[in-house]
Each structure stands twice: as C-alpha cells, then as structure tokens.
Amino acid sequence: TLADGNTWNHEHIALLGKCLTSPEEEGYQIVRHLADYVLVWTTRFAGMHGDDLAKAPHMARIAGSVYPDVRQEGFYVDERGNPSDTMRESLLYRLHSYGRDTEIEPLEHYEEVYQSKHSMVRIWKVLDVDVESKDKIASGAHRACDGGGWYCPGGYPDALRETLASKRDFQQIGA
C-alpha cells in the first residue's frame, strides 16, 4: 500500500500528497513505483463529506512543505460541490469522481476494480507497475536495518531518485 499506516513520517506523507495532488500523469510516475492499488474514500456520495477530497487541502500543504513544486493552495470543493481547477486536475479528484463528474475523461493509468455498494470506497489497480521497483521492494534490499534488526525503515526504489532529490528536508516549526 502507499500509506500503510505510516503517519509518523512527514516526508513519506508529503510524497503521497504529491502523488495525489498532482495531475494524473505526474502522480502516476511516482505511484507506479510504490503500489499496485490505490484506495480512495468517496463517502460524499453517501452524504458524508469527510472523504479524501476533504483531506486534499491538507495533502497539498504537507506535500508543499517538502516538495517546492507542489502548489499548496487552491485544492477545494465549493459549497455547491464544484471543484476548483487545481482540484479537478488532481489524480485524487479523478480517482474519486470518475463516473460521477461527466467532465472527467477515463483514467489512462488506472483501472477501477472495486466500488462499494454505496460508493463509499473505490479501489483502483495501478496499470504497468514498475516490475524492477516491485522486485526490489519484495527482496527487502530497500531496508536499512540497525544492528539488532528490529528497526528496518525502508528506502525508495531507485526510479524515484530524481523526485526525491527535489525535496526539502522537513523542519518542524520552532526547531
């Protein structure tokens, strides 16, 4: 998975935010090295607006705090349900709203494989996942374990080197 409960690592969350708030092609060039599937919460179709679109402004701010090319403002859906231009162009909006928003063209790099009964959850298969990246992750070669072997943070596939080189190390306010 992309997130895998990894909420303690701000820079990893920033990378995920970059994937989801970027246009489809740009986000895909990262996602295809990290995951086979993307799950999107789409609860607003059942009347609950706390879904992944509601989190998009936070994703953009976190991503922009690490990746200077990420636009931090302009990710919103107005009170009538209309997305901003920036939101409409994002991978997240496209995964979330394809088939509901008639202006969204079919996704090029994703295939929907599941939608829950009340459209609260959608799962998309990532097409053409990078096999070399996936094999490296499966082999464990990306892990940097300490001497005791109990703490083994992972690294990223080599194919993401250019993306990762553009990041700024996150600095806590007041640190």
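Trainee: Which residues does Ser133 touch, not counting those up to four places away in sequence?

Mentor: His33, Pro157 and Ala159, where contact means heavy atoms within 4.5 Å. Keep in mind that this is a predicted model: local features need pLDDT of at least 70, side-chain atom pairs count only at pLDDT 80 or more, and totals for chains, interfaces and linings use all residues. Residues are numbered from 1 along each chain as its sequence is written, and side-chain values use heavy atoms, with hydrogens and water left out.

Trainee: What makes Ser133 and His33 a polar contact?

Mentor: Their side chains come to 2.8 Å. The term asks for a pair of N or O atoms within 3.5 Å, one able to donate a hydrogen and the other to accept it within protein, and residues adjacent in sequence count only if both atoms are side-chain atoms. So 2.8 Å passes the 3.5 Å limit.

Trainee: Ser133 lies in helix H6 (residues 131–139). Is it buried or exposed there?

Mentor: Buried: its relative accessible area is 4%, and buried means under 20%, exposed over 50%, partly exposed in between (1.4 Å probe, protein chains only).

Trainee: Why is the Lys167 and Glu11 pair called a salt bridge?

Mentor: The rule is a side-chain nitrogen of Lys or Arg within 4 Å of a carboxyl oxygen of Asp or Glu. This pair is at 3.0 Å, N to O, so it qualifies. Lys167 follows helix H7 (161–165) and Glu11 sits in helix H1 (residues 10–21), so the bridge ties together parts 156 residues apart in sequence. With Asp169, the two are linked in a network of salt bridges.

Trainee: How do you know that Lys167 is partly exposed?

Mentor: Its 25% lies between 20% and 50%. Glu11, at 23%, gets the label partly exposed too.

Trainee: How many salt bridges does the structure hold?

Mentor: It holds 16. One of them joins Arg161 to Asp158 at 3.1 Å. Arg161 counts as exposed at 56%, while Asp158 is partly exposed at 43%.

Definitions and conventions: Helices (H or I, at least four residues) and strands (E, at least two) are DSSP runs, numbered from the N terminus.
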